[in-house]
Amino acid sequence: MKTFNLLGDEWDESRDRDGWRMHEAFVGEHIGSELLGACLCEVEPGSKLWPFHMHHGNEEWVIVVRGAPTLRTLEGERALSEGDVVCFPRGKAGAHQIINRTEAPIRVLMLSSAIQPDVIEYLDTNRVLANDGTGRPLIFTRLAPPPDYWEGEG
């Protein structure tokens, strides 16, 4: 059995983009998980973890490890506390975003059912991302009225 410490500083990648600064560790990969995805994310003050989004294929959870992140949902925003756990069901009811409005880094563990393929909608920008069976992006585009089903078919 493999172990990963949620309080350590072992990171797999970092993002240094204004408003989106964070470090991420792929916990699921580190411990050999096949059916659950898990990422530890440390989000810098004034930054957001990901854009406001929802999953069609996956349920996600957030577990607050350190700090007091702000959770944004369709119902509005609310502060979370260390130890809080929130479930984001598949579909629009599970739309969410984690924001750090504090003066110190926050740390959250994101769990996912790791189902592929998946379709993710970004509600603020009307974009959609579809992943294939391995999690690689197939298409990332803005939503638009669909063409006629038979358009271009011979």
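Visitor: Which element gives the most to the lining of the largest pocket?
Guide: This is a predicted model. Helix H1 (27-31) and strands E3 (37-43), E4, E10 (106-112), E11 (119-122), E12 and E13 each give two or more residues to that lining. The top contribution is four residues, and it comes from E3.

Visitor: Which residues that line the largest pocket are the closest to its centre?
Guide: The pocket holds about 1,000 Å³ of space. Its lining counts 35 residues. By class, 16 are nonpolar, 12 polar and seven charged. The closest to the centre are Glu24, Cys39, Glu60, Ser112 and Gln116.

Visitor: Why is one side of E4 and of E13 left without a neighbour in the sheet?
Guide: The sheet is open, with four antiparallel strands in the order E4-E11-E12-E13. Strands E4 (53-55) and E13 (137-142) stand at its edges, so each has a single partner strand.

Visitor: Over how many bridges do E12 and E13 pair?
Guide: Strand E12 covers residues 127-131. Its Arg127 stands opposite Arg142 in E13. The pairing is antiparallel, and the bridges number five.

Visitor: What volume does the second largest pocket have?
Guide: Strands E6 (70-73), E7 (76-79) and E8 (85-88) each give two or more residues to its lining. The lining has 15 residues, with Thr73, Leu74, Glu75, Ala93 and Ala95 the closest to the centre. Eight are nonpolar, three polar and four charged. The volume is about 180 Å³.

Methods. Residues are numbered from 1 along each chain as its sequence is written. This is a predicted model: local features need pLDDT of at least 70, side-chain atom pairs count only at pLDDT 80 or more; totals for chains, interfaces and linings use all residues. Side-chain values use heavy atoms; hydrogens and water are left out. Two strands pair if DSSP finds at least two bridges between them. On a 1 Å grid over the protein atoms alone, a cavity is a set of points where a 1.4 Å probe fits but cannot get out, and a pocket is an open set with protein on both sides within 12 Å along at least five of seven lines; lining residues have an atom within 4 Å of a point. Grid points are joined across faces, edges and corners, and a volume is the space filled by probe spheres set on the points. Ala, Val, Leu, Ile, Met, Phe, Trp, Tyr, Cys and Pro count as nonpolar, Asp, Glu, Lys and Arg as charged, and the others, Gly among them, as polar.
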